Amino acid sequence: MTEVKNMKERQFPSKIRRFTSGALAVGLTSALLTALVPAVAQAAGTDLGTGPDADRGGWTAKISRTEYGVPHVLARDFGGLGYGYGYAFAQDNLCQLADQVLTVRGERSRHLGPDGESVDRVSNLVSDTYQQGLLRAGTVRRLQAAPAPLGPTDEVRQLVDGYVAGYNRYLRDTGPDHLPDPSCRGKAWVGPITADDLWNILYSANTLAGSGAAKQQIATAVPAASTGPAATAGSGAEAAGPAADAPRIAAPGHSADNPELGSNAWAIGRDASRDGTGLLLANPHLQWAGEQRFYQAQLTIPGVLDVAGAGLYGIPFLQIGHTRGLAWSHTTSYADHHTLHRLSLVPGDPTAYLVDGKAERMAQETVKVTVRAADGTLSTVDRTLYRSRHGYVLADGWTGEHAYTLGDANAENLRSLNQWLAVGRAQNLDQLRQAQRTYQGLPWVYTTAVDSTGTTWFTDASAVPNLPDAQRDRCLVAGGGFGQVLDGSTAACDPGTDPDALVPGVFGPANQPGLTRTDYVANSNNGPYLTNAEAPLTGFPAMYQGASARMLRSQLGLRMIADRRAGTDGLGAPGFTLASLQATMFGNRVQSAELDRDDAVALCRAHPEIAASDGSRVDVRPACDALAAWNTRADADSRGTVLWQAYRDALAGTGTTAWQTVPADPARPLTTPRGIDAANPEAQRALADAVKGLAARGLPVDAPIGLVQRWAGIPLHGCSHQLGCFNVLTAGPDSGTGGGTYPTNLGSVPHGGTFLMATELTDRGPRTRTLLTYGESADPTSPHFTDQTRVYARKQWVTERFTEAEIRSAPGLSVTVLRR
């Protein structure tokens with residue numbers, strides 16, 4: 001039985017160019033540090049029900065650590081749960097959260113200098129300017145003070161307060177000078193955190209697909225009449241003159257060396273599983289260093305809450321996981337979560353603009369950023385941020401005639417933790433949907449879920465600007481070098497509001513794409529259209545559409561599901577089991593190779609010597625032999641993946657697709673476009689350039705990918721999203737040698753599979769296998785820095801301990817009881 005929402009057929013006009021990506025990141029807050037009672041028990045089996053605080057309402061938490069240091073936090077209330085979770089996280093990753101706090105306080109330049117780079121690839125001065133603007137605007141405090149559902153629920157506030165107290169408890173007991181992680185040991189910027197810190201982390205994460213992606217543009221914007229630099233103080237003051245074109249804004253995490261953040265998620269229903277159960281595969285792809293890492297845990301309040309999974313650093317709850325009756329995951333939504341409006345400026349006044357013929361003045365916020373020079377002296381940089389009715393004004397394109405302004409659909413969103421907590425208590429899809437309708441807090445992610453009835457669900461319940469197709473098409477204007485933007489000179493082009501939307505300017509639940517199935521739903525960051533290949537999802541607003549063409553990775557994911565259902569993938573009889581779901585994940589298939597490798601071999605057989613771009617002649621016969629012998633997989637010892645990556649990169653660098661022999665065909669969405677024309681000069685030259693490039697790096701053409709892709713010296717399987725790997729993982733040969741703090745000391749920052757979870761919901765409860773690919777700690781001195789990386793390298797999984805009996809039977813179990 002199938003339920004499809006929004007089925008009306010329509011053509012989808014071209015999308016407003018996005019600068020958002022996949023990155024899953026969220027954080028939260030806590031209350032001011034209060035007095036802490038220094039009582040810590042270190043004995044297994046300590047009972048929560050005893051102790052001096054049990055009768056007077058004090059917080060008590062029990063932290064049981066099983067294999068690989070996974071914490072199982074047990075408490076009697078939400079304050080105690082946060083207390084234990086914050087303490088456990090600080091034990092493993094205090095330095096990482098301390099760094100996040102430094103960022104949201106806008107104090108990176110004060111302690112680290114203005115020119116250093118923050119985790120989002122902008123200078124410390126740019127980051128601090130943006131953050132100080134947020135603090136002065138008071139947006140987060142205003143949202144925090146609002147009643148639920150717009151503001152935090154009482155339970156969420158207790159969870160946050162407890163988390164802060166637990167973190168601060170560990171810091172107090174250990175002392176900054178005795179922290180185990182050398183990356184922040186003894187640093188002046190390490191100290192107690194507050195609730196305001198964590199609420200700002202949460203808001204920063206929620207706006208990652210909007211204003212958070214445009215920090216450089218926001219912090220350096222100056223009116224067209226200004227001819228000097230945006231600020232002058234110290235070496236970090238950057239010039240920011242007007243630009244001729246509209247804004248060109250990089251997506252979060254999308255840069256030359258890290259172009260792809262995203263995720264895979266499958267929900268397998270009773271009709272596609274061998275035993276009639278529901279299964280879920282969670283496979284988020286994020287950076288392996290910095291604040292986008294996941295932390296695995298189980299959080300339990302007897303009779304109230306019991307959820308296991310993983311949450312992003314600094315968030316006092318889990319974003320991906322399962323309860324006894326429900327499992328869910330998130331992938332980055334490729335919907336538009338922002339708008340760009342072109343303002344028509346008042347002649348002679350670059351800080352005023354016209355709306356329906358009437359002048360409106362930009363709001364201006366001047367902030368002061370303290371910067372530290374190389375000699376340790378402090379000075380102050382003054383910068384001004386500008387806002388229109390739509391949001392921040394951006395640097396590029398600000399001329400005497402026009403300016404461009406960013407509208408963020410999550411500008412009023414501090415609701416995400418409310419929703420994740422409600423989902424963490426849900427036991428079925430109805431309760432999950434109710435949580436989404438009540439809080440509407442998902443910022444920029446899809447949801448894929450299954451419950452114990454074997455029913456699956458996919459939706460884009462994220463915050464998307466309310467621009468119906470007709471309005472959007474009517475309001476699009478030319479955006480110079482940027483592309484298409486909206487006309488900001490008329491209120492008729494402002495986003496509207498649905499009656500079922502909690503906040504103005506976004507679509508409500510009735511307009512969101514959704515699909516219920518009993519076979520499967522799946523997403524690999526493609527738009528909602530092919531959530532299920534047998535039941536294309538149509539009729540939703542174009543703002544949700546995402547990439548109309550299937551990406552190689554999303555094509556492969558749907559093919560893998562079809563092959564497993566047919567039993568043609570070599571993994572046994574048709575239908576999914578927990579074991580075959582795990583094996584499918586680590587099959588390391590490469591879509592581009594399955595489509596085009598044979599054509600590449602035919603090309604080099606026909607042209608054994610080819611001229612490279614520099615005119616030199618290259619003997620490609622050894623490369624031809626390597627490709628012919630390659631198993632088309634991305635296993636660590638596969639000899640051919642490195643060469644294939646170099647060749648596909650060179651093909652992409654031609655700037656044309658004329659070398660393809662079969663164009664995209666809507667009737668064959670999972671196998672087109674495809675093919676390499678052996679007679680095409682660009683295709684030939686690309687192969688010569690690839691071979692020559694490997695030689696310049698000292699790599700043989702048959703180098704195994706594990707030779708160049710490592711974490712702390714451990715060879716890694718998987719390959720890039722662009723190559724069509726489902727198991728996305730890219731790294732440098734020296735990555736991880738500097739620990740898990742961003743930026744790493746050597747090599748590129750790896751990204752790809754982070755927290756893997758394969759869950760089967762049975763009548764006897766959930767059966768789950770997990771893998772946190774980089775381990776629970778970013779501290780290179782911790783035993784949990786690479787312990788699970790070695791498990792990943794062996795293509796093995798960790799059996800989750802969910803029940804009390806399973807936890808108690810864990811070998812090497814350690815138990816800590818905290819009382820406050």
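Q: Which residues do ring pairs link into a cluster?
A: In this predicted model, local features need pLDDT of at least 70 and side-chain atom pairs count only at pLDDT 80 or more, while totals for chains, interfaces and linings use all residues. Residues are numbered from 1 along each chain as its sequence is written, and side-chain values use heavy atoms, with hydrogens and water left out. Rings of Phe, Tyr and Trp (its six-membered ring) pair if their centres lie within 6.5 Å, and planes under 30 degrees apart count as stacked, over 60 as edge-to-face and the rest as tilted. Pairs of this kind link into a cluster the residues Tyr85, Phe89, Tyr163, Tyr295 and Tyr313.

Q: What kind of pair do the rings of Trp266 and Phe576 form?
A: The structure holds 19 aromatic pairs. With ring centres 5.9 Å apart and planes at 70°, the pair of Trp266 and Phe576 is therefore edge-to-face.

Q: How many residues apart in sequence are the parts that Trp266 and Phe576 tie together?
A: Helices (H or I, at least four residues) and strands (E, at least two) are DSSP runs, numbered from the N terminus. Trp266 belongs to strand β5 (residues 262–268), whereas Phe576 is in the loop between α11 (552–566) and α12 (578–585), so the parts tied together lie apart in sequence by 310 residues.

Q: Is Phe576 buried or exposed?
A: Buried means under 20% relative accessible area, exposed over 50%, and partly exposed in between (1.4 Å probe, protein chains only). The relative accessible area of Phe576 is 1%, so Phe576 is buried.

Q: What kind of pair do the rings of Phe507 and Tyr544 form?
A: Both Phe507 and Tyr544 are buried. Their ring centres are 5.6 Å apart and their planes stand at 35°, so the pair is tilted.

Q: Over the ring of which residue does the charged end of Arg293 sit?
A: A charge sits over a ring if NZ of Lys or CZ of Arg is within 6 Å of the ring centre and within 35 degrees of the ring normal. Arg433 lies over the face of Trp457, at 4.4 Å from the ring centre. For Arg293, the charged end sits 4.0 Å from the centre of the ring of Tyr774.

Q: Over how many bridges do β29 and β30 pair?
A: Two strands pair if DSSP finds at least two bridges between them. A hairpin joins β29 to β30 through two residues, and Leu756 stands opposite Leu771 in β30. Strand β29 (residues 755–762) pairs with β30 in the antiparallel sense, and the number of bridges is eight.

Q: Why is strand β30 largely enclosed by the rest of the structure?
A: Strand β30 spans residues 765–772, and β30 also pairs with strand β31 (residues 798–799) in the antiparallel sense over two bridges. The strand is largely enclosed because the buried residues number seven of the eight.

Q: Within what arc do the buried residues of α14 fall, seen down its axis?
A: In helix α14 (residues 621–629), the buried residues are Ala623, Cys624, Ala626 and Leu627. The arc is that of the directions from the helix axis to the C-beta atoms. The buried residues line one face of the helix, because they fall within an arc of 165°.

Q: Which residues does Asn418 touch, not counting residues up to four places away in sequence?
A: Asn418 has its place in helix α8 (residues 416–424), and its relative accessible area of 3% makes Asn418 buried. Contact means heavy atoms within 4.5 Å. With residues up to four places away in sequence not counted, Asn418 touches Pro149, Gly151, Pro152, Thr153, Val156 and Tyr439.
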